[in-house]
Amino acid sequence: MQNQAPVPLRRFVRGFSVRWFAATAIVAISCGSATQAWAWGREGHRLTALVAEDHLTPETKAQVKALLGNDSMAEVAPWADDYRQNHPETGAWHYVDIPKSEAKYDRMRDCPLPQGDPKSPWRDCVTDRILYFEGQLGDDTLPKEKRAFALKMLIHFVGDLHQPFHAMGDDRGGNGVSVSFLGSTQCGEYKCNLHGIWDESILEHEGLSEDKFRAHLEDLIVQNHWDKMTGGAPSAWAEVSHHYAVEMYAPNGALINSDYVAQATKIVDAELALGGLRLARILNNILGDASATATAPTK
Ligand SMILES: [Zn+2]
């Protein structure tokens with residue numbers, strides 16, 4: 001039932017397992033003090049876009065500027081979450097509900113039929129919508145506004161797909177799992193839950209300014225040769241995210257301790273960096289080469 005064959009997945013999943021990180025990754029986490037409170041849901045998206053910007057070709061950069069005008073990729077990165085407030089039909093585009101009990105993505109099972117346009121071949125989950133908006137961005141017969149919209153959506157959704165709990169359906173992606181985070185049940189303005197600590201608390205706990213965080217991710221990319229890991233389809237990236245969510249799942253009432261946070265930090269950093277690199281690859285393929293088009297799902 002799976003329509004996008006995840007060719008490099010086996011090597012990919014093994015290479016990025018938590019055990020692999022624990023055994024081999026040397027991640028230098030700065031102990032610098034936090035100077036500002038960040039809205040990490042937004043900050044995670046901004047960081048993904050900032051890493052992507054670092055890896056665009058000059059031609060792609062010029063095309064992005066032609067579409068976004070004076071707005072930077074980082075500035076527009078969180079926008080799809082604002083858009084969603086008044087367009088609830090786009091809500092399901094931000095995640096993919098792979099059951100916790102399953103290891104593989106199954107498009108028919110995990111990606112619902114479209115609500116907005118029942119005739120559309122594109123379904124309502126993040127993996128389908130990345131491919132859909134790749135096609136829109138690459139279609140230069142479309143008006144500039146539509147292509148700019150597609151670019152903003154792509155910047156956001158590639159980020160979302162790399163948040164592990166955006167690829168697990170159980171307990172509403174962990175939103176329904178109450179936890180305490182390092183001794184507190186209050187995480188900023190909300191009660192701590194499993195999804196929320198992956199959106200914000202773990203990144204915030206690193207205590208880095210945005211500039212330092214960006215440099216930190218670029219250091220990790222060089223150290224780990226992650227620029228060689230940009231291949232594969234969104235369905236394969238979803239399965240890796242899901243794999244992390246299953247490994248790091250915690251039950252209702254769990255006490256998230258410093259060991260958990262240390263392990264989660266390595267995953268968050270890798271996923272932010274890889275999300276940025278993969279977004280750059282997508283944009284370089286589409287905007288750096290006018291003949292590039294997205295591959296549509298078979299059904
Ligand atoms: Zn989102």
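Arg172 counts as partly exposed, because it has 15 C-beta neighbours inside 10 Å. The cut-offs are simple: buried needs 20 or more other C-beta atoms within 10 Å of a residue's own, exposed means 12 or fewer, and partly exposed lies in between, with C-beta atoms placed from the backbone. The model is predicted, so local features need pLDDT of at least 70 and side-chain atom pairs count only at pLDDT 80 or more, while totals for chains, interfaces and linings use all residues. Residues are numbered from 1 along each chain as its sequence is written.

Arg172 sits in helix H10, residues 170-173. Its phi is near 50°, a positive value in a residue other than glycine. With 8 C-beta neighbours inside 10 Å, His225 counts as exposed.

Now the whole chain. The protein has 14 helices and 4 strands. Helices (H or I, at least four residues) and strands (E, at least two) are DSSP runs numbered from the N terminus. Of its 299 residues, 45% count as buried. A contact here means C-beta atoms, placed from the backbone, within 7 Å.

Where do the buried nonpolar residues gather? The largest nonpolar core has 76 residues. Such a core is a set of buried Ala, Val, Leu, Ile, Met, Phe, Trp, Tyr and Cys residues joined through C-beta atoms within 7 Å. Those with the most contacts inside this one are Val96, Leu154, Ile155, Phe157, Ile197, Ala273 and Leu283. Helix H14 (residues 258-287) gives the most to the core, with 14 residues. In soluble globular proteins, nonpolar side chains tend to be buried together.

Next, the helix packing. Two packed helices are described by the angle between their axes and the distance between the axes. Axes are lines fitted to C-alpha atoms, for helices over the stretch in contact, and angles run from 0 to 180 degrees between N-to-C directions.

Start with helix H8 (residues 126-138) and helix H9 (residues 144-161). Their axes come within 8 Å and cross at roughly 150°. H8 and H9 are therefore roughly antiparallel. Angles under 35 degrees count as roughly parallel, over 145 as roughly antiparallel, 65 to 115 as roughly perpendicular and the rest as oblique. On the H8 side, the contact is made by Val126, Arg129, Ile130, Phe133, Glu134, Gln136 and Leu137. H9 supplies Lys146, Arg147, Ala150, Leu151, Met153, Leu154, Phe157, Val158, Asp160 and Leu161. By class, this contact has 11 nonpolar, 1 polar and 5 charged residues. Ala, Val, Leu, Ile, Met, Phe, Trp, Tyr, Cys and Pro count as nonpolar, Asp, Glu, Lys and Arg as charged, and the others, Gly among them, as polar.

What does it touch, neighbours within four places in sequence left aside? Leu154 is in contact with Ile130, Phe133, Glu134, Leu137 and Ile282. Leu154 is also among the core residues with the most contacts.

H9 has another partner. Helix H4 (residues 58-68) and H9 have axes that come within 9 Å and cross at roughly 115°. That makes H4 roughly perpendicular to H9. Val64, Leu67 and Leu68 in H4 meet Lys144, Arg147, Ala148 and Leu151 in H9. The classes here are 5 nonpolar, no polar and 2 charged residues.

H14 packs against H12 at an angle of about 85°, with the axes 10 Å apart. H12 and H14 are therefore roughly perpendicular to each other. Leu217, Leu220 and Ile221 of H12 make the contact with Asp269, Leu272, Ala273 and Leu277 of H14. The count is 6 nonpolar, no polar and 1 charged residues.

Finally, the strands S2 and S3. Gly188 is in the loop between strand S2 (186-187) and strand S3 (190-191). Gly188 is partly exposed, with 14 other C-beta atoms within 10 Å. Ser201 is 13 residues from Gly188 in sequence and 8.5 Å away in space, C-alpha to C-alpha.

Cys192 lies in the loop between S3 and helix H11 (194-205). Is Cys192 buried or exposed? Cys192 counts as buried, because it has 21 C-beta neighbours inside 10 Å. Neighbours within four places in sequence aside, its contacts include Ser178, Phe181, Cys187, Ile197 and Ser201. Val177 is 15 residues from Cys192 in sequence and 8.6 Å from it in space, C-alpha to C-alpha.

How values were computed:
Two residues are in contact if their C-beta atoms, placed from the backbone, lie within 7 Å.
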